[in-house]
Amino acid sequence: MSEASATPDSSTTSRWDTLARAAARGGEADEEEFDLRQLLTFQIDDAPYAVPVERVREIVRIRPITPVPRMPEDVRGVISLRGEIVQVVDLRRRLGVEPIDPTRSSRIIVVHDGEGQVAGVLVDAVTEVLRVPPDSIRPSASSEFGAVEALCPRGEEFVSLIDLTRVLEIDAGR
Amino acid sequence: VYVDSLEGRGTTIAMTLPITLAIIQSLIVAVGPQRFAIPLNAVLETLLIDPSEIQRSEGRELLNLRGEALVLRRLSSEFELATAATREEKLFAVVVGMGDLRVGLLVERLDGQQDTVIKPIQGPIQSIRGIAGATELGDQDPVLVLDVSALVEDALRRREAA
């Protein structure tokens, strides 16, 4: 990857900085936001999804993904994060959506489980950090793939909260 | 880390590094666009072979290596890799060994030797047969490191089964 191709325009950079800072702060919200849950929202096609911000370690731009033989199709391959080698799960496949080649707006959300396990999750675009009262998050009726654990209203639409544990439980035997 | 100090003699500091942090020399090979690293300590020799030299026996491919039958494994079929090469093109056989066992891994290109640091692959899939880990070559480009002992074992176990 050349430096030039990785250079975004400055407006997107500051937006990512804001997101990254929000992610780094994790669950420790300001006092007035004490009761609010923070969700990192992103898109798959035009549908909004989210993961809890405290599970997000970082968000990285798309970079070379090396395919790994003998891995289930849902794992797109591995990336290098400052020398750390991390598997990237294609969320489109996990959600049963037709996979596409990553675009300029694609991002890899690096999530952790709090016990040192990390994984990359490939999404179409990252949008914002949403602050919502915990009681606005409602468990969802069982979805086809069991990947969505709850729904949260944002204006007129609903954001689907991803069950990361479920999404990252991939059957190695395909 | 182990420190041994003798007055007037000096100090010995010994540090034991796990394999995942040790720098080892690897041979970089390629099939189509994908590169792999083979730890050099497992490589005995490399040969440029013509497909006409490859003999077949019970579905296996063999090479007469100075009078010995060397079992060949195509990395492309082993790992279901897309390959642009036709069966007529010359190939490289990387002869790898584990103890007395020898297997020739067939690849399309040799891309030289590199210092590599083998890192574990983190993520939902805990282990992949035949892959020992990965290393970063150049800028953000992960290259998989082959687990030679697993590949040799698989190749020869299939031979016994055949």
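Across all chains, the structure holds 23 salt bridges, each one a side-chain nitrogen of Lys or Arg within 4 Å of a carboxyl oxygen of Asp or Glu. This is a predicted model, where local features need pLDDT of at least 70 and side-chain atom pairs count only at pLDDT 80 or more, while totals for chains, interfaces and linings use all residues. Side-chain values use heavy atoms, with hydrogens and water left out, residues are numbered from 1 along each chain as its sequence is written, and chains are lettered from A and ligands numbered from 1 in the order in which they are written.

**Salt bridges**

- A:R70 pairs up with B:E78, with the closest N and O atoms 3.2 Å apart. A:R70 sits in the loop between β3 and β4 of chain A and B:E78 in helix α1 (residues 75-78) of chain B, so the pair joins two chains. (Helices, H or I with at least four residues, and strands, E with at least two, are DSSP runs numbered from the N terminus.)
- B:E78 is buried, at a relative accessible area of 10%, while A:R70 is partly exposed at 28%. For these labels, buried means under 20% relative accessible area, exposed over 50%, and partly exposed in between, using a 1.4 Å probe and protein chains only.
- B:E78 also has a partner in its own chain: B:R73, with the closest N and O atoms 2.9 Å apart. Both B:E78 and B:R73 are buried.
- Over in chain A, A:R154 bridges to A:E128 with the closest N and O atoms 2.8 Å apart.
- A:R154 is buried, with a relative accessible area of 18%, whereas A:E128 is partly exposed at 29%.

**Where the chains meet**

- Contact (heavy atoms within 4.5 Å) involves 25 residues of chain B and 28 residues of chain A.
- The two chains bury about 2200 Å² between them, 54% of it on carbon and sulfur atoms. Buried area here is the accessible area (1.4 Å probe) that two parts lose on being put together, summed over both.
- Between chain B and chain A the count is one salt bridge, formed by B:E78 and A:R70.
- On the side of chain B that touches chain A, the elements giving two or more residues are β4 (34-39), β12 (121-122), β13 (131-136) and β14 (142-146). The largest share, four residues, comes from β13(B).
- Strand β5 (residues 84-90) of chain A and β12(B) pair in the parallel sense over two bridges; DSSP has to find at least two for strands to count as paired. In β12(B), B:Q122 stands opposite A:V86.

- Chain A comes to four helices and eleven strands, and 47% of its 174 residues count as buried.
- Most residues other than glycine have a negative phi. A:R70 has a positive one, near 65°, and its place is in the loop between β3 (56-61) and β4 (75-81) of chain A.
- A:R82 is another non-glycine residue with a positive phi, near 50°. This arginine lies in the loop between β4 and β5 of chain A and is exposed, with a relative accessible area of 63%.
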